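I opened this notebook to record what I looked up, one topic at a time. The entries follow the order in which I went through the model.

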Amino acid sequence: MRPTGSTTAALVQLFHTVTELLSDHPYVVVIALDFSKAFDTVRHITLLQKLASLDIPDCVYDWLVDYFSGHSHCTAFTKFHGQISPLLNMSASIIQVSAVGPVSNVVNTGDLIPLTPGNRSCKYADDTIDTCLVIPASIIDSRTEELDSIRTWASTNNLKLNLKNSVEIVFVVSTRLRHVQLPNPLDGVPLVSSIKILGVTISSHLSVSEHVSSVIGRCAQTIHALRILRSQGLCREAVHRVYSSIIIGKLLYAISSWWGFVSAADRQRLQALLQRGIRSGIMFPRNT
């Protein structure tokens with residue numbers, strides 16, 4: 001994901017989809033799918049065919065054809081008499097951190113859509129290209145068919161669906177748990193009680209207490225390090241700048257996506273962390 005707002009936007013979309021469906025269904029299943037080495041295996045010819053179907057200027061398409069053409073690769077065997085393998089043309093892979101990488105991912109996965117009306121998909125690209133398949137309780141029997149369709153799509157697009165690294169989670173409101181018959185787990189897909197997506201952990205009961213605990217733990221370590229640096233002579237202003245950039249950055253990461261799930265107890269824990277920074281002298285109140 002780009003370091004601007006795309007991570008937050010992806011989380012907002014997923015959490016909003018789940019909570020919206022929970023208003024009409026007793027539970028919602030999310031299957032977080034993982035594709036092995038996704039960026040390395042995207043075929044250029046398949047991607048260019050999809051780009052050709054878009055309404056883009058010819059000059060832009062020609063530039064993209066040129067961009068994905070003429071690349072080769074060789075391997076240096078430094079431990080075997082310094083030999084170098086023959087050059088081989090590269091017919092697949094997109095560079096994740098390039099300007100066209102995220103756009104290429106969007107285009108390549110554009111035709112990956114659920115088979116059953118009512119099911120939703122939320123796609124994002126982090127270290128890999130991942131998809132969250134969201135299935136409400138009323139059509140839970142469509143899970144197997146959806147997975148078969150995704151496998152077929154992956155094979156057609158030179159990708160491999162890695163079910164061992166995929167997970168399934170059943171979101172249900174805690175007050176309904178006693179009255180809900182949850183579905184049986186999928187074969188080959190681990191069932192989890194909490195899931196970490198794009199750095200944010202949320203439980204099956206829509207609690208982010210685990211995420212808050214993780215953030216507080218990482219911030220506490222940084223506060224301890226800053227206190228040591230201050231005792232070694234780091235000036236007051238420098239300590240404050242480091243605190244603001246690191247601690248506040250960790251606290252605010254994608255906060256608009258998960259703050260609505262924070263309990264009163266978690267808010268008190270976060271407030272206590274900020275008060276600890278003030279008492280330690282490494283965070284200044286707003287009026288100082």
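Is F68 buried or exposed? I found that F68 counts as buried, at 6% relative accessibility, where buried means under 20% relative accessible area, exposed over 50% and partly exposed in between, with a 1.4 Å probe and protein chains only.

**Ground rules.** I am working with a predicted model, in which local features need pLDDT of at least 70 and side-chain atom pairs count only at pLDDT 80 or more, while totals for chains, interfaces and linings use all residues. I number residues from 1 along each chain as its sequence is written, and side-chain values use heavy atoms, with hydrogens and water left out.

**Overall picture.** I looked up the secondary structure and noted 10 helices and 11 strands, where helices (H or I, at least four residues) and strands (E, at least two) are DSSP runs numbered from the N terminus. The C-alpha atoms fill a box of roughly 60 × 60 × 45 Å, taken along the principal axes. Of the 288 residues, 41% count as buried, and the protein exposes about 16,200 Å², of which carbon and sulfur atoms supply 57%; these areas come from the Shrake-Rupley method with a 1.4 Å probe, and for residues only the protein chains shown count as cover. I also checked the contacts (heavy atoms within 4.5 Å): among those with a separation of 6 or more, residues 24 or more positions apart account for 70%.

**Aromatic pairs.** I paired rings of Phe, Tyr and Trp (its six-membered ring) if their centres lie within 6.5 Å, calling planes under 30 degrees apart stacked, over 60 edge-to-face and the rest tilted. By this rule I recorded five aromatic pairs. One of them joins F35 and W153, edge-to-face, at 5.9 Å centre to centre with 65° between the planes. F35 lies in strand β1 (residues 28-36) and W153 in helix α6 (residues 143-156), so this pair ties together parts that are 118 residues apart in sequence. F35 counts as buried at 1% relative accessibility, and W153 counts as buried as well, at 9%. I then turned to Y67 and F68, whose pair is edge-to-face at 5.1 Å centre to centre and 85° between the planes. Here Y67 is partly exposed, with a relative accessible area of 27%, whereas F68 is the buried residue of my opening question. Ring pairs link W63, Y67 and F68 into a cluster.

**Helices α3 and α4.** I took axes as lines fitted to C-alpha atoms, for helices over the stretch in contact, with angles from 0 to 180 degrees between N-to-C directions. Helix α3 (residues 44-52) and helix α4 (residues 58-67) pack at about 175°, with their axes 11 Å apart. That makes α3 roughly antiparallel to α4, given that angles under 35 degrees count as roughly parallel, over 145 as roughly antiparallel, 65 to 115 as roughly perpendicular and the rest as oblique. The contact is made by L48, L51 and A52 of α3 with Y61, L64 and V65 of α4. I sorted these residues into six nonpolar, no polar and no charged, with Ala, Val, Leu, Ile, Met, Phe, Trp, Tyr, Cys and Pro as nonpolar, Asp, Glu, Lys and Arg as charged, and the others, Gly among them, as polar.

**Helices α7 and α8.** At what angle do the axes of α7 and α8 cross? For helix α7 (residues 209-231) and helix α8 (residues 236-252) I noted a crossing at roughly 175°, the axes coming within 10 Å, and the two are therefore roughly antiparallel to each other. On the α7 side I listed V215, R218, C219, T222, I223, L226 and R230, which meet V239, V242, Y243, I246, I247, K250 and L251 in α8. The residues of this contact divide into 10 nonpolar, one polar and three charged.

**D130.** I located D130 in strand β7 (residues 129-136) and found that it counts as buried, at 10% relative accessibility. Leaving aside neighbours within four places in sequence, D130 is in contact with L33, D34, F35, C122, K123 and Y124.

**Backbone check.** Most residues other than glycine have a negative phi. L206, not a glycine, has a positive phi of about 60°; L206 is found in the loop between β11 (200-203) and α7 and counts as buried at 17% relative accessibility. A254, also not a glycine, has a positive phi of about 50°; A254 is found in the loop between α8 and α9 (255-258) and is buried, with a relative accessible area of 6%.
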